[in-house]
Amino acid sequence: MPGGVSSPVRSFKSVGLSPVFIKSGQGAYLTDVDGNNYVDYVMSYGPLIAGHAHPAVRAAVAKQISRGSSFGCCSELEITLATFIAGVMPGVPMVRFVNSGTEAVTSALRLARGATGRPLIVKCAGCYHGHVDALLVQAGSGATTHGQPSSPGIPDAVINNTLLVPFNDAAAAEAVFSQHGGQIAAMIVEPILGNIGVVLPEAGYLARLRELCSRHGAILIFDEVMTGFRVALGGAQQLQQVQPDITCLGKIIGGGLPVGAYGGREELMNQVSPAGPVYQAGTLSGNPLAMIAGLTTLRLLQSAAAGDAANAANSSQDAYVVLEALGSRLQHGLEKSAARAEVPLVVQRCGSMITPFFTGQSGKESIKNYADALACDTQAYARFFKAMLDGGVMLPPSQFEAWFISLAHTEVDIDQTVEAAAKAFEAVKQPAAQG
Ligand code: KE4
């Protein structure tokens with residue numbers, strides 16, 4: 001296996017360590033093959049918002065697999081999950097299930113180009129939308145972490161149709177549209193950026209992109225693979241009150257099993273085969289096993305959000321109120337202990353997705369875009385990561401990722417994490433001592 005892993009971010013290569021191999025997960029915790037336990041903030045990079053091996057998800061999957069996992073025919077659960085999504089995301093009245101976020105984005109780009117007959121796609125530097133040929137250009141997440149933000153193996157003919165703008169720079173987007181507007185099929189954006197670490201859109205930015213796309217007849221695609229059901233039941237589009245034409249989903253809607261989805265306005269989605277000419281298909285798309293895992297997870301969020309104590313993933317409190325409180329507790333704890341250790345740190349967060357940026361000598365007081373994130377001290381993050389791992393806390397092994405809190409995390413977990421961080425910040429300050 002290349003690098004010994006199934007996905008580059010897991011290699012721990014960027015933090016100079018050998019990867020940890022996990023034996024099991026339970027709630028907010030992981031146990032590795034050597035019996036070491038960790039409080040987990042990777043949470044499979046987002047899907048496990050209800051925690052590892054949630055009893056309700058386990059029971060639903062066990063029941064379904066006794067009836068079979070995939071039929072190559074339609075099953076009711078696809079309709080049930082599609083109806084759930086449409087019910088909480090007004091911008092997604094129609095949806096097609098696929099098997100990963102990458103597949104959702106690939107299909108959304110093809111639909112946008114098929115529906116408009118135009119070739120160009122606009123993306124933001126630093127956004128990561130999966131390993132889609134057209135978008136592995138200044139891509140964040142593992143592409144940046146492993147020093148290959150633009151991948152070899154993609155023909156110029158593909159790359160030349162991708163236009164790059166900085167995130168949070170409405171003037172740059174305006175300029176690209178005024179120059180190429182009539183040829184732009186779509187602009188795709190992570191509405192709340194998670195793949196260079198958490199970076200929030202500045203006030204009015206997403207509304208400007210919405211207006212630009214509408215004015216030029218281009219399709220606005222929100223990649224909510226990470227933010228969908230993470231930052232709110234209705235995703236970033238609910239929080240930001242900006243409705244895209246197409247939304248890409250993944251992670252949480254699979255509840256830990258492989259699922260992706262793309263959806264949006266009916267006149268667009270009805271151009272997807274067999275309703276329309278844009279072809280897209282998948283052997284395991286909509287398989288009942290993955291559908292029930294996602295549906296069970298979403299119902300836990302919804303019932304908690306509706307304060308239905310009987311089925312809530314947590315206490316009777318609203319799931320997003322609980323996640324916000326835990327996120328805020330972690331943010332303030334990290335900020336206080338970094339200040340005490342005199343380690344330059346900027347913590348950015350949206351609900352239960354959070355990133356501490358080690359700003360080092362850059363003097364940055366906020367991280368607004370890819371260039372700001374690249375100016376951070378990744379070696380300091382690597383030292384912090386190792387010290388936290390030794391302290392029993394599993395973090396994403398990269399400065400350019402979000403940490404994820406689940407409904408299984410408790411205030412005690414957060415406080416223990418902050419205690420470990422206070423020690424880890426001391427390790428950050430003594431690079432020589434690290435050897
Ligand atoms: P997948 O193909 O990995 O299911 O989804 C791709 C994707 C698309 N869009 C966004 C906003 C994403 O965050 C992702 C995947 N996220 C990374 C973590 N930053 C997955 C972890 C990995 O690559 O192993």
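Which residues come nearest to the ligand? They are S7, T102, N195, D223 and E401, out of 17 residues around the ligand. This is a predicted model, where local features need pLDDT of at least 70, side-chain atom pairs count only at pLDDT 80 or more, and totals for chains, interfaces and linings use all residues. Residues are numbered from 1 along each chain as its sequence is written, and side-chain values use heavy atoms, with hydrogens and water left out.

**View 1. The shell around the ligand.** By class, the shell has 5 nonpolar, 8 polar and 4 charged residues. Here Ala, Val, Leu, Ile, Met, Phe, Trp, Tyr, Cys and Pro are nonpolar; Asp, Glu, Lys and Arg are charged; the others, Gly among them, are polar. Domain 1 (2-53 + 310-428) and domain 2 (57-301) both give residues to this shell, so the ligand lies between them. The domain bounds come from an automatic or database domain assignment.

**View 2. Polar atoms at the ligand.** A polar side-chain atom of S7 lies 2.6 Å from a ligand oxygen atom. A polar backbone atom of G101 is 3.0 Å from an oxygen atom of the ligand. In the side chain of E401, an N or O atom is 2.7 Å from a ligand nitrogen atom. The protein covers 86% of the 540 Å² of accessible area (Shrake-Rupley method, 1.4 Å probe) that the ligand has on its own.

**View 3. The second largest pocket.** A pocket is an open set of points on a 1 Å grid over the protein atoms alone, where a 1.4 Å probe fits, with protein on both sides within 12 Å along at least five of seven lines. This one holds about 500 Å³ of space, a volume filled by probe spheres set on the points. Lining residues have an atom within 4 Å of a point. Of the 24 lining residues, C74, E78, R96, S285 and G286 are the closest to the pocket centre. Helix 2 (76-88) and strand 4 (94-98) each supply at least two lining residues. Helices (H or I, at least four residues) and strands (E, at least two) are DSSP runs, numbered from the N terminus.

**View 4. Two backbone details.** Most residues other than glycine have a negative phi, and most peptide bonds are trans. The bond from S273 to P274 is cis, with omega near 5°. F229 has a positive phi, near 70°.

Note on methods
A residue is near a molecule or strand if one of its heavy atoms lies within 4 Å of it. A polar contact is a pair of N or O atoms within 3.5 Å; within protein, one must be able to donate a hydrogen and the other to accept it, and residues adjacent in sequence count only if both atoms are side-chain atoms.
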